[in-house]
Amino acid sequence: MKIEREDDYSRFISQIKMKTGVNLSLYKEAQMKRRLTTLYEKRGFSSFQEFFNGLDQDQALLDEFLDRMTINVSEFYRNKSRWDVLEHKILPRLFKDRGIPLRIWSAAASTGEEPYTIAMILSKFMPLDLIRILATDIDRHALQKAKAGIYSERSINEVPKEMKLKFFEKCSGGPFYRIADGIKKTVTFKQHNLLSDPYPKADLICCRNVLIYFTEEAKNQVYRNFSTALNHHGTLFVGSTEQIFHPSSFGLEVEDTFFYKKIEHQH
Ligand SMILES: C[S@@+](CC[C@H](N)C(=O)[O-])C[C@H]1O[C@@H](n2cnc3c(N)ncnc32)[C@H](O)[C@@H]1O
């Protein structure tokens with residue numbers, strides 16, 4: 001029985017890879033299996049094979065699968081103290097070493113809270129039209145929500161008061177807020193798979209709370225890719241459970257907790 005189940009999942013992995021290009025074998029297996037089993041049982045299937053046949057014929061189910069593969073949860077100013085370090089230490093150093101405008105990439109940006117947080121912080125240093133942020137995610141639905149820029153009252157809780165007043169407007173007829181067009185325009189959203197697409201060059205890469213889903217091997221490959229994608233003096237900002245244990249093996253060094261700077265080679 002056990003072997004059958006394992007085969008069932010391995011076959012599902014190859015079929016999904018062929019159909020969508022998403023390689024589930026690069027995600028932690030136990031966690032992913034649990035998440036997907038819950039989903040297919042809820043939809044009335046009893047094996048991965050049945051589930052695949054279902055989503056092969058039903059675009060809505062396929063979208064739901066892609067949606068649920070990982071969690072989209074995000075927050076403005078998630079782990080506030082790290083954003084203070086970005087503002088007071090990392091950005092001033094990057095401006096000095098790299099100049100303005102900086103090339104900024106928010107990877108696995110989900111529904112946009114993270115790139116918009118970066119834009120609000122940068123607005124303290126420069127006019128909005130000098131800010132350019134690339135924000136990517138594998139999930140098209142998350143990107144659509146990000147582009148819409150509408151957030152619930154609860155999700156903007158952590159936004160500092162002066163930023164709330166400046167950049168959010170209450171929607172009529174509901175507890176929702178719209179982010180200002182000026183902030184929206186600073187961010188370009190694109191679909192991008194960290195496990196298969198080429199990486200854009202950047203001075204600051206912000207990639208938080210996604211690598212926890214990846215296998216060790218996949219994670220290490222992503223760190224190597226980030227290191228190559230960083231320009232000289234560039235910095236990688238990771239999530240608050242995602243400390244890199246041997247940053248030097250990826251050509252990175254600690255700049256502050258959860259910030260890793262590209263190591264400069266002497267010429
Ligand atoms: C928990 S959210 C993190 C959002 C935000 N970075 C934050 O920390 O608040 C994880 C995001 O990773 C995305 N994701 C999962 N696998 C990915 C991949 N291979 N490439 C790019 N994004 C991926 C998911 O779609 C999801 O939006």
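The model is predicted, so I note the limits: local features need pLDDT of at least 70, side-chain atom pairs count only at pLDDT 80 or more, and totals for chains, interfaces and linings use all residues. Residues are numbered from 1 along each chain as its sequence is written, and side-chain values use heavy atoms, with hydrogens and water left out.

I noted the terms. On a 1 Å grid over the protein atoms alone, a pocket is an open set of points with protein on both sides within 12 Å along at least five of seven lines, a cavity is a set where a 1.4 Å probe fits but cannot get out, and lining residues have an atom within 4 Å of a point.

I counted 28 lining residues for the largest pocket, with I71, A108, D137, N209 and V210 nearest its centre. Both domain 1 (6-69) and domain 2 (80-262) give at least three residues to this lining; the bounds come from an automatic or database domain assignment.

I then searched the whole structure for cavities and found 1 of 30 Å³ or more. Its lining includes F95, L122 and R132.

Last, I looked up N193, in the loop between β6 (187-191) and β7 (202-207); strands are DSSP runs of E, at least two residues, numbered from the N terminus. N193 is buried, at 10% relative accessible area (buried means under 20%, 1.4 Å probe, protein chains only). I list G21 and I138 as its contacts, not counting residues up to four places away in sequence (contact means heavy atoms within 4.5 Å).

Definitions and conventions
Helices (H or I, at least four residues) and strands (E, at least two) are DSSP runs, numbered from the N terminus. Buried means under 20% relative accessible area, exposed over 50%, partly exposed in between (1.4 Å probe, protein chains only). Grid points are joined across faces, edges and corners, and a volume is the space filled by probe spheres set on the points.
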